[in-house]
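Open your viewer and keep the sequence panel beside it. We will go from one selection to the next and look at what sits there.

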Amino acid sequence: MPKSKRDRPVTLSKTKKKGREHKKSMVDLIRQAVENYNSIYVFTVENMRNLKFKELREQLKSSSRLFFGANKVMQVSLGRTASDEIQPGLYKVSKLLHGNTGLCFTNLPKEEVERLFNEYVDYDYARTGSEATEKVELKEGPLEQFSHEMEPSLRKLGLPVRLNKGVVELVSDFTVCEEGKSLSPESAGILRALGIRMATFRLNLVCRWSPGEFELYIDGPDNSDIETA
């Protein structure tokens with residue numbers, strides 16, 4: 001029987017080649033975008049949700065192009081210093097690409113971009129490890145929002161519950177989470193069951209560049225050596 005393609009070993013040189021090709025392709029796309037669009041924005045993402053980000057890409061595809069992740073590749077594409085930047089002032093943009101940052105190349109007016117990014121907010125269930133935005137406590141007594149079929153799964157999440165005449169009942173007060181503390185898998189599951197959405201998907205503008213112009217939206221210690229023009 002012939003070997004399945006899945007069983008065939010992939011040499012490290014092939015994977016490295018694909019990685020290099022992907023990076024080179026991304027560099028080319030970003031450099032082409034510099035030529036095709038009037039302005040570049042650096043933005044950060046809070047509580048990334050891939051579906052919501054994909055919707056934004058689709059919404060902007062006629063006027064803009066978004067890149068997210070691979071900060072080093074984006075930095076190389078634009079130029080990391082004044083001596084290797086591909087257009088004047090782009091090294092300032094590169095300096096701000098760290099963490100959960102992305103690039104938005106666009107032909108939209110500045111006011112429209114600012115409005116769009118400020119308004120593009122979505123609420124979702126917090127994931128394990130996220131920081132609780134509030135304290136959530138449940139008081140002893142019936143939990144009538146849950147059907148009796150959910151009692152076993154609620155117990156697996158650590159809730160002290162029992163069935164009392166077919167009604168899910170909390171046998172003692174229970175603290176689901178404390179404000180400012182990381183959510184455990186169980187806490188995240190309970191919040192989801194309760195319908196409490198603590199995660200806010202949000203985009204924050206960091207800076208704007210266009211030929212001859214550079215504007216910072218966020219001041220901080222990391223930006224102290226970057227001057228606006």
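Two strands count as paired here if DSSP finds at least two bridges between them. Strands (E, at least two residues) and helices (H or I, at least four) are DSSP runs, numbered from the N terminus. This is a predicted model, in which local features need pLDDT of at least 70, side-chain atom pairs count only at pLDDT 80 or more, and totals for chains, interfaces and linings use all residues. Residues are numbered from 1 along each chain as its sequence is written, and side-chain values use heavy atoms, with hydrogens and water left out.

**Stop 1: strand β10**

Select residues 199–210, which make up β10. Now bring in residues 121–124, strand β4: 4 bridges join β4 to β10, and the two run antiparallel. Within this pairing, Val121 has Arg202 as its bridge partner.

How many of the residues of β10 are buried? The count is 10 of 12, so to speak a mostly covered strand, where buried means under 20% relative accessible area, exposed over 50% and partly exposed in between (1.4 Å probe, protein chains only).

**Stop 2: the β10–β11 hairpin**

Move on to residues 213–216, strand β11, which is antiparallel to β10 and joined to it by 4 bridges. Arg208 stands opposite Glu215 of β11. The two strands form a hairpin with 2 residues between them, and Gly212 in the turn has a positive phi of about 85°.

Zoom in on Ser210, which lies in β10. Ser210 has a relative accessible area of 9%, so it counts as buried. Its side chain makes a polar contact of 3.4 Å with that of Arg208; such a contact is a pair of N or O atoms within 3.5 Å, and within protein one must be able to donate a hydrogen and the other to accept it, while residues adjacent in sequence count only if both atoms are side-chain atoms. Leaving aside neighbours within four places in sequence, Ser210 is in contact (heavy atoms within 4.5 Å) with Asn38 and Ser39.

**Stop 3: helix α5**

Select residues 110–119 and show side chains: the buried residues of α5 are Val113, Leu116 and Phe117. Looking down the helix axis, these buried residues fall within an arc of 95°, so they line one face of α5; the arc is that of the directions from the helix axis to the C-beta atoms. On the other side, Glu111, Asn118 and Glu119 are exposed.

**Stop 4: the β6-β8-β7 sheet**

Three strands form an open antiparallel sheet in the order β6-β8-β7. Its edge strands are β6 and β7, each pairing on one side only.

- Residues 141–142 (β6) and 167–170 (β8) are joined by 2 bridges, with Gly141 partnered by Leu170.
- Residues 161–164 (β7) share 4 bridges with β8; Val161 is partnered by Leu170, and Arg162 stands opposite Glu169.
- β7 and β8 form a hairpin with 2 residues between them, where Lys165 in the turn has a positive phi of about 55°.

**Last stop: two cysteines**

Select Cys104, buried at 2% relative accessibility, then Cys207, buried at 0%. A search of the whole structure finds 0 disulfides (pairs of cysteine sulfur atoms within 2.5 Å).
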